[in-house]
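Reader: I would like to learn how to read this model. Please start once the structure is on screen.

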Amino acid sequence: MRGLSEKIAGIVPSATIEISNAAKRMAQEGIDVISLSIGEPDFDTPGHIRDACIDALRRGETHYAPSSGIPELKEAIAAKVARENGFAAAPEEVIVTCGAKDAIYEAMEAVLNPADEVIVLDPSWVSYEPCVRIAGGEVRHHPLDGETFQIDDSVLEAVTTRTRMIVVNSPSNPSGGVLSRESLRLVADICRDHDIIALSDEIYEKLVYGAEHVSLASIDGMADRTITVNGFSKAYAMTGWRIGYAVAPQRIVRQMEKVQQHTVSHPTTFAMYGAVAALSGDQGCVEQMRSEFERRRDYIVGALRDLGYATAPADGAFYAYVRVDGDDIEIARRWLREVHVAVTPGTAFHTPGWLRISYATSMEHLREAMDRIGRV
Ligand SMILES: Cc1ncc(COP(=O)(O)O)c(C=O)c1O
């Protein structure tokens, strides 16, 4: 029998999923595991969003939709970007996708030719590299400053004649870092000087704690070369709905639309009506969740420091990134084995020597987890 795709065989399964699966297996065996490896809000989708989706189903919105998304949602996204992100976009510059992840994958397919290089800044979210590789590109990892988690001039060392794209993610999964305007200006200068397209993953934009979220596309001249990726999973607790989007110049959106048309067609029709309600309804639910995450952030960063751990600046998202002495994979295994606390090793994000601790769980669980960690 002939072999299967080498391109796919070379891609490792997501380490974050592996760890949470191990924790789930232990829980099924009756072990009291606390999982701090979770990448989704522990809240349910707000009621008015669910109601809008149910209404859409009752109305019979169960048919195929335009492949780039329903016009109401594209218009709401274009208006949101102008209102909140500081740059203008027409509905034709918006594509609604099956989650932000799908937007990232389609963007890679839309832009990259074989052997084109994509700069990924580490620590980096687990799916950037696989998306680049599935699309036939090559990844060049470059480390962020290990203290500030900001971008400095050294990123120029990663630029080659084959660089086609740079990925920025702010607020960051896994570091919780929020990129400053200066860091983003540096990215903008490099993109303009070397004719590079930027993919700016802003899925955690609503979850910032005292820091300012800046959209890369709002920086002079960048709207024309930035693919802004966002979605509903984190801000509105809609992970299972699989609705995300990209805002980009029309030439790129048209390419992404072709990928979407011939693969998934479009995101689920009635789910898109829920997303319209999320954007057009009262935003109080977003603030409620954000302030609860902030309360937990304050607690967990303080508790970790009391235990002697240094953390990255936890200004956004819902992760504390913790420096550890020794092999992070071994330490994560030990915490799971000995005190039944699941966390994600930094190796999964191309930065060994760190652990990602998610605080998307109740205060009660966080307190118990910190007590347990204090015992190992
Ligand atoms: C940085 C980052 N980008 C994108 C995604 C994907 O989000 P979605 O659920 O909208 O596909 C995630 C989800 O964990 C994420 O952490």
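Author: Begin with the domain interface. Domain 1 and domain 2 bury about 2800 Å² between them, with 63% of it on carbon and sulfur atoms. Buried area is the accessible area (1.4 Å probe) that two parts lose on being put together, summed over both. V286, D315 and H350 supply 18% of the area that domain 1 buries against domain 2, more than any other three residues.

Reader: What should I know about the model itself?

Author: This is a predicted model: local features need pLDDT of at least 70, side-chain atom pairs count only at pLDDT 80 or more, and totals for chains, interfaces and linings use all residues. Residues are numbered from 1 along each chain as its sequence is written, and side-chain values use heavy atoms, with hydrogens and water left out.

Reader: Where do domain 1 and domain 2 run in the chain?

Author: Domain bounds come from an automatic or database domain assignment. Here domain 1 is 6–44 + 284–375, and domain 2 is 63–280. Their C-alpha centres lie 25 Å apart.

Reader: How many residues of domain 1 and domain 2 are in contact?

Author: Contact means heavy atoms within 4.5 Å. By that rule, 34 residues of domain 1 touch 34 residues of domain 2.

Reader: Now the ligand. Which residues are the closest to the ligand?

Author: A residue is near a molecule if one of its heavy atoms lies within 4 Å of it. The ligand is surrounded by 13 residues, and the closest are A100, D201, S233, K234 and R242. Helix α5 (residues 99–111) gives the most to this shell, with three residues. Helices are DSSP runs (H or I, at least four residues) and strands likewise (E, at least two), numbered from the N terminus.

Reader: Which side chains have a polar atom 2.7 Å from an oxygen atom of the ligand?

Author: S233 has one at 2.7 Å. K234 has one at 2.7 Å, and so does R242. Taken alone, the ligand exposes 400 Å², and the protein buries 92% of that. Those areas come from the Shrake-Rupley method with a 1.4 Å probe.

Reader: What about backbone geometry?

Author: Most residues other than glycine have a negative phi, and most peptide bonds are trans. A cis peptide bond joins D122 and P123, with omega about 5 degrees. P123 sits in the loop between β3 (117–122) and α6 (128–134). The bond from N173 to P174 is also cis, with omega near 25 degrees.

Reader: Where does F149 lie?

Author: F149 lies in the loop between β4 (138–143) and β5. F149 is not a glycine, yet its phi is positive, about 60 degrees.

Conventions:
A polar contact is a pair of N or O atoms within 3.5 Å; within protein, one must be able to donate a hydrogen and the other to accept it, and residues adjacent in sequence count only if both atoms are side-chain atoms.
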